[in-house]
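Subject: A structure to look at

Hi there,

Here is the structure I promised to pass on. Have a look at it first, and then read my notes below.

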Amino acid sequence: MLTTIIQGAGVFIYPLGLFSILATFIIIGTAHFAAHLARDAEGLDRGVVSGEIITTKAILKSVAGGSSIFFRRTNPDPDALKAFARLEIARLERGLFILEVVISGAPLLGLLGTIAGLARVFSAEASNAGGASAAASAAGAADIASGISLALTTTMLGLCIAIPTLMGNSYLNRRVDLLSARLDMGVERFD
């Protein structure tokens, strides 16, 4: 079945496969990074609330930990601290724009494959319209089947890539928003 799908997608399998691989790596990598930072930030949150200074390596590498170090070393004004915190959040958002490209690009590639497949079907129909021999008619039927296969397969693959990527992107954006809110709360405590 998989080989049939790959063959049916024709040349469109390469960009669609690239989109699939990019989306998978970015979703997994960003989710892992966000989970790691959220876990480390919990300890820092407790330390800020209790007034203790926490200096474990894992926490100091977190977004909130980086803001804490920046505050202790430079004693910045509140706007500079907020700007630093926004810069740290931008680290979390890196790569998410690629997910947006995949979300919009994969269905468009599927649509392009549909158009190419339908063009193949109509081209085969036009060449068979002249009342050709049985052998030419069989070749035309194979071209029609190939065109329909290309149209349906690329549409299906484009949507199968875009839908999970859309869900992953929504989840990751929500995680980044929550971490950003937690960081904003921590920055307010430093003021």
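Asn 169 sits in helix α7. Helices here are DSSP runs of H or I with at least four residues, strands are runs of E with at least two, and both are numbered from the N terminus. With a relative accessibility of 7%, Asn 169 counts as buried; buried means under 20% relative accessible area, exposed means over 50%, and partly exposed lies in between, with a 1.4 Å probe and protein chains only. Leaving out residues up to four places away in sequence, Asn 169 touches Leu 96, Leu 99, Glu 100 and Ile 103, where contact means heavy atoms within 4.5 Å.

Before going on, please keep in mind that this is a predicted model, in which local features need pLDDT of at least 70 and side-chain atom pairs count only at pLDDT 80 or more, while totals for chains, interfaces and linings use all residues. Residues are numbered from 1 along each chain as its sequence is written, and side-chain values use heavy atoms, with hydrogens and water left out.

**The chain as a whole**

The protein chain has 7 helices and 0 strands, so its pattern along the sequence reads α-α-α-α-α-α-α. Of its 191 residues, 37% are buried. Among contacts between residues at least 6 apart in sequence, 78% join residues at least 24 apart. The accessible surface comes to about 11000 Å², and 67% of that belongs to carbon and sulfur atoms; these areas come from the Shrake-Rupley method with a 1.4 Å probe, and for residues only the protein chains shown count as cover.

**The largest nonpolar core**

Which residues touch the most other members of the largest nonpolar core? They are Leu 16, Phe 19, Leu 99, Ala 106 and Ile 161, out of 24 residues in that core. The elements giving two or more residues to this core are α1 (2–9), α2 (13–50), α5 (78–93), α6 (96–128) and α7 (134–190). Helix α7 gives the most, with 8 residues. A nonpolar core is a set of buried Ala, Val, Leu, Ile, Met, Phe, Trp, Tyr and Cys residues joined through side-chain atoms within 4.5 Å.

Leu 99 is in contact with Ala 23, Ile 26, Ile 27, Thr 165, Asn 169 and Leu 172, leaving aside neighbours within four places in sequence.

Val 102 belongs to helix α6 and is buried, at 1% relative accessibility. Not counting residues up to four places away, Val 102 touches Phe 19, Ala 23, Pro 107, Ile 161 and Thr 165. Val 102 and Ala 162 are 60 residues apart in sequence, yet their C-alpha atoms are 6.5 Å apart.

**Around Leu 150**

Leu 150 is in helix α7 and is buried, with a relative accessible area of 4%. Beyond residues up to four places away in sequence, the residues Leu 150 touches are Gly 8, Ala 9, Gly 10, Phe 12, Gly 113, Ala 116, Gly 117 and Arg 120. Between Leu 150 and Phe 12, which are 138 residues apart along the chain, the C-alpha separation is 8.8 Å.

Which residues of α1 are buried? Ile 5, Gly 8 and Ala 9 are, and seen down the axis of α1 the buried residues fall within an arc of 95°, so they line one face of the helix. The arc is that of the directions from the helix axis to the C-beta atoms. The face turned away from this buried side carries the exposed residues Thr 3 and Gln 7. After α1 comes Gly 10, with a positive phi near 60°.

**On the surface**

Leu 108, Leu 111 and Ile 115 form a nonpolar patch on the surface, with about 310 Å² of accessible area together. Patches are made of residues with over 30% relative accessible area and no salt bridge, with nonpolar side chains (Val, Leu, Ile, Met, Phe, Trp, Tyr) joined within 5 Å and like charges within 9 Å. A salt bridge is a side-chain nitrogen of Lys or Arg within 4 Å of a carboxyl oxygen of Asp or Glu.
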